[in-house]
Amino acid sequence: MKQLLTFIILITAVFAVRAQENPAPAAVAKWEYTAEKKGEHEYILHLKGTVQKDWKLFSTTMKDDEPNTRVTVDSAAAITGITEEGELKKAPEPLFDNTEIKYFENQVSLLVTVKLNGPVTKLEGAVNYMALKGDEVVGPEEVKFRFNVDASGNLVNVAAGLQESTAGGQTLKRASIDKDHPVNNCGGEEGTAKKSLWGLFILGVIGGFIALLTPCVFPMIPLTVSFFTKKSQDKKTGVLNASLYGFFIFLIYVLLSLPFHFLDSLDPEILNNISTNVWLNLIFFVIFIVFAISFFGYFEITLPSGLASKVDAKTSVGGIIGIFFMALTLALVSFSCTGPILGSLLAGSLSTDGGAMQLTVGMAGFGFALALPFALFAMFPNLLKSLPKSGGWLTSVKVVLGFIEVAMAIKFLSNADLVTHWGLVKREVFFAVWIICGFLIVLYLLGKIRFPHDAPLKKISPTRWVLALIFLAMTLYLLPGVTNTKYANRRLISGFPPPLSYSLYKDAAKGVEANVVNDYEAALKLAKEQHKPILIDFTGWACVNCRKMEENVWPDQAVRTLIEEDYILVSLYVDDRKLLPEDQQFLFTTNTGRKKEIKTIGDKYATMQTENFVNNSQPYYVLISPDEKLLTKPVGYTPRASEYASWLKCGLEAFKKGK
């Protein structure tokens, strides 16, 4: 198990490094490329080479039958001249029978004049150089370069890193949009944000209560409470110490979320990128499957025993510090049970809104639920007698959680699949996995499936019957999800499965999104042609609340009529990893001064959202006129259809007022 976890950590580290590494420089010379326009279809390429110490890079003036450096371009252009800048040296070289060689040390610049053969979109070429060091000769080494021709006729380098583009920046920062001065003052996201935070806190509390029922935590409740009440001189001190112990548990889980606030401050989109990162979701998928197998009892996952022992040793200090380390010890030793639940909470919180505050609220709910019993039972120790005794039922809880972990693992695989459009986990496949897990839980609770560590089930208790019936009802509720009927939309879990349109059925039922436009410029053109306002939907393939809106709010008759008849709907996916055409990739300077590469569709629209609206949450809805005047305050997740319809009507009134 240690080897497996080490392998997962190494794979994670490799992908992290791959995400940050730059193209490796050439062995001897590193080249940088820029270009300036000289005339109609004529340019000067500046090829700057930095030569490693003690190496001699041969000049372009050397003959073809001698060691040399050459520059070539493709058939789209012709080289009309080459000028060298730098300290050109000449010396006889014994290695070549004292033939005089011409070379550069440390640095050289090649100014290559090229003439394009008419209007083209790109220019490709290469520097083929040879170099000498002592008795060692390298080359010819080929280093390719590529320039795209932008709309202004300038050459933009795409081989040695993206170049800044004024035209590209204007497509992201829309000068006409003034977020502080909408035509009508309706809308706003403040109330929605509060509801969302409360919902996440409650989800965290539910996760904490589930963690309490695991074998790693439940037996600790009576032991810890008894320790504090018996060790203390009086009841008041015992209650205070137990409450402090609970507070520290709560604090530890809140502190775990603080690093994400630091990341959020560096880059507002980084958490959303983390939650939708393909490799990270695949790694989570593998980890959750490993956790599930562990819950089934085939091996035990624990943190290094030395770490827990060192922390536990600190508890002997006594006082407040000792109580803190007792709480930290619980958090560490219970990791094998709480880890998967925390992982689900982590991924769910980041996917919900993309912000660190959502994660902190969810972790606070988890810590609160985990800490509550320790303070509560210390205040009312007689209630300890009502707690069920630890036993085989705790093992059954872990097995049930194992099946739930498999279901959650499929969600991570689905996230990666949606972002990359692989087509592996279509909606019906997702439902099929959940249905199978549901039936297996029912069979396990009824004793039809047993695992190696399970004791023989002589009698099915009433609690097992009740739980089996609950899971059976939930599984039967999921069954229509694999069909192509009007019942396929399961409102209670709306947002977790892939969207209705991501289906195995070619004629799958589609809602408003069947009329969607996914290109902002195309939406502007349509709006001007049809004289309609635009509904911008900043969304994501892995966004749960986005799917809830599309499947529960947009199909409402009033909302659907307004969107289809009165608006141009444009859905912009901020997590789409599809690469933009090379001539549309560029380097953008954000309003905070940070340089950001715009390479994918997601990069483009995520940046557009943060630059114009200082917001990076999804879903995020904006109403604008064809001339890009903001009609209302933008709104986020709005689960009440009547409220959303009223906001759309307010936008129409603003549009008519502006006309």
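Predicted model: local features only at pLDDT ≥ 70, side-chain atom pairs only at ≥ 80, totals over all residues.

Trainee: Good to know. Let's start with helix α5: how far apart are its end C-alpha atoms?

Mentor: They are 30 Å apart. Helix α5 covers residues 235-255, and at 1.5 Å a residue its 21 residues should span 30 Å, so the two values agree.

Trainee: And which residues in α5 are buried?

Mentor: Gly238, Val239, Ala242, Tyr245, Gly246, Phe248, Ile249, Ile252, Tyr253 and Val254 are buried there. When you look at that list, remember that an α-helix has 3.6 residues a turn, so residues three or four places apart point the same way.

Trainee: Which helix gives the largest share of it?

Mentor: Helix α12, residues 356-379, contributes four residues to the patch, the largest share. Phe209, on the other hand, lies in helix α3, which runs over residues 190-212.

Trainee: Is Phe209 buried or partly exposed?

Mentor: Phe209 is partly exposed, because its relative accessibility is 37%.

Trainee: Okay, new topic. How many salt bridges does a search of the whole structure find?

Mentor: The search finds 10. In one of them, the side chains of Lys89 and Glu105 meet at 2.7 Å, N to O. That pair links distant parts of the chain, 16 residues apart: Lys89 is in strand β6, and Glu105 is in the loop between β7 and β8. Lys89 is partly exposed at 27% relative accessible area, and Glu105 is partly exposed at 26%.

Trainee: What does Arg174 form a salt bridge with?

Mentor: Its partner is Glu628, with the closest N and O atoms 2.7 Å apart.

Trainee: What about Lys599, how does its side chain meet Glu597?

Mentor: They meet in a salt bridge at 3.3 Å, N to O. Lys599 is partly exposed at 32% relative accessible area, and Glu597 is partly exposed at 38%. Elsewhere, salt bridges that share partners join Arg174, Glu521 and Glu628 into one network.

Trainee: Now the arginines. Where is Arg547 placed?

Mentor: Arg547 is in helix α17, residues 544-553. With a relative accessible area of 1%, Arg547 is buried. The side chain of Arg547 makes a polar contact with the side chain of Thr539 at 3.3 Å. Leaving out residues up to four places away in sequence, Arg547 touches several residues, including Pro497, Trp541 and Tyr573.

Trainee: And where is Arg70?

Mentor: Arg70 is in strand β4, residues 70-73, and counts as partly exposed at 23% relative accessibility.

Trainee: What does the side chain of Arg70 reach?

Mentor: The side chain of Arg70 reaches the backbone oxygen of Met62 at 2.7 Å. A polar contact of 2.7 Å also joins the side chains of Arg70 and Asp64.

Definitions and conventions
Residues numbered from 1 in each chain as written. Heavy atoms only, no water. Helix = DSSP H or I, 4+ residues; strand = E, 2+ residues; numbered from the N terminus. Expected span 1.5 Å × (residues − 1). Buried < 20%, exposed > 50% of the residue type's maximum accessible area, 1.4 Å probe, protein only. Salt bridge = Lys/Arg side-chain N within 4 Å of Asp/Glu carboxyl O. Polar contact = N/O pair within 3.5 Å; in protein donor to acceptor, adjacent residues only side chain to side chain. Contact = heavy atoms within 4.5 Å.
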